[in-house]
Amino acid sequence: MEFRKLSELELKDKKVLVRLDLNVPLDNGKITDDTRIQAALPTIRYLLEHTKKIALMSHLGRPDGEVMPEFSLEPIGERLAELLNLEVVFVKDYTSEPAEHVLNQLSKNQIILYENLRFHAGETKNDPTFARQLAQGFDCYVNDAFGTLHRAHASVVAAAEFFPANKRAAGLLVEREIEVLSGLQKKPTAPFTVIMGGSKVSDKISVVLNLMQSANYLLVGGAMAYTFLKYQGVEVGDSRVEHDKLDLVAAIYKNAEARKVQIILPEDHIAAEKFGKDAVPVELNTKSIPKGLMGLDIGRKTAKHYADIIALSKTVLWNGPMGVFEFDQFARGSLRVAEAMADCKGFTVIGGGDSVSAANKAGVADHIDHISTGGGASLEFLEGTMLPGVKVLLK
Ligand code: AMP
């Protein structure tokens, strides 16, 4: 995929508009986790080394086109000023008058931050008038907000289109994401193991089918696994099964057979009588689950088997937890997979918010080669879809 990179932009003295993902969690106006701000710093620093005129923009939460003070980017501006040791000029109104005049008056140690893009209905509508207000006066456009590339929003698509193709580029985070995720679809080093979990087969079917082209093993966990087991004729008791999705599972098996992908399902389980924080775990040493019980995590034998396959793999992708990892008594399978990935000598990738949380919970996130920052965007990318925000960065 030939997209333009930051290093290919001629930046000297250029005015650069930058789309970032600064959508951090806030509690009463205080940032509770600044990971996304930290992640944006390399691109900001790169730009500041090459030019002094930059304006940053991002969304925060879902204010749905209304000005809601609790979703203001002002605290993010303060944090950025501290981290970069410069003055952040916070521009609240960039629609009645484009930020061009502020831009022209910027002194050496100042950068611009726009107020929340989603205070304007035009953002999610990809409105060209709003996009022009954002883009007016700039020479170049950089997008480093991977998590929003699957959305045709004004700051992602219409604003980018105001710039000539050779003046738009991916930021450093986006560059890495696209390279890693397209590498998994092209020629990953074999054996390539895909671990899929989470709640629904339907959410992941397109990803699984696309990755079948390059995968050797597909390990299935989470609630998804019970629909697979049901399809195989295994009794799964009260486990969550998507009865209307059995045909999708059939399609996966058909593809797997044609492409010689081994599908591996849980052979034992941690089950409970009900779903809940206080549910009492029952270890089931069998593939089947009796009536009155539901599977809420993969069992010990399965976790060991999955860990063994991960250990021999040269490339591993994990998306979706192996069980209801939010409750400690059903988290062990996901933690075991996270640990096995951390120990794996091959190239390891985790995509999707819940598996990332599991890796954090296991304390091994630092030992994973690539953690994808955008859940929805990485899934759509892995489905083989051309994301609208990537399309505008193509050469
Ligand atoms: P997803 O967003 O599709 O990746 O699904 C993540 C959710 O799936 C998490 O909230 C898990 O609690 C849930 N989940 C995982 N395993 C099970 C299971 N066996 N039964 C019900 N929910 C599950």
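Mentor: Helices (H or I, at least four residues) and strands (E, at least two) are DSSP runs, numbered from the N terminus. The model is predicted, so to speak of local features we need pLDDT of at least 70, and side-chain atom pairs count only at pLDDT 80 or more, while totals for chains, interfaces and linings use all residues. Residues are numbered from 1 along each chain as its sequence is written, and side-chain values use heavy atoms, with hydrogens and water left out.

Now the ligand: it sits in the second largest pocket (an open set of points on a 1 Å grid over the protein atoms alone, with protein on both sides within 12 Å along at least five of seven lines; sitting there takes more than half of the ligand's atoms within 2 Å of the grid points). Around the ligand are 16 residues, with Ser199, Gly295, Gly323, Glu326 and Asp354 the closest (a heavy atom within 4 Å counts as near). That shell splits into six nonpolar, six polar and four charged residues (Asp, Glu, Lys and Arg count as charged, and Gly is among the polar ones).

For polar contacts (N or O pairs within 3.5 Å), a polar backbone atom of Ser199 is 3.0 Å from a ligand oxygen. The side chain of Lys204 brings an N or O atom to 3.2 Å from a ligand oxygen, and a backbone N or O atom of Ala223 lies 3.3 Å from a ligand nitrogen. The protein buries 83% of the 510 Å² that the ligand exposes when taken alone (Shrake-Rupley, 1.4 Å probe).

Asn85, in the loop between α2 (74–84) and β5 (87–91), has a positive phi of about 55 degrees despite not being a glycine.

How values were computed: Polar contact = N/O pair within 3.5 Å; in protein donor to acceptor, adjacent residues only side chain to side chain. 1 Å grid on protein atoms, 1.4 Å probe; cavity = no way out; pocket = protein on both sides within 12 Å on 5 of 7 lines; lining within 4 Å.
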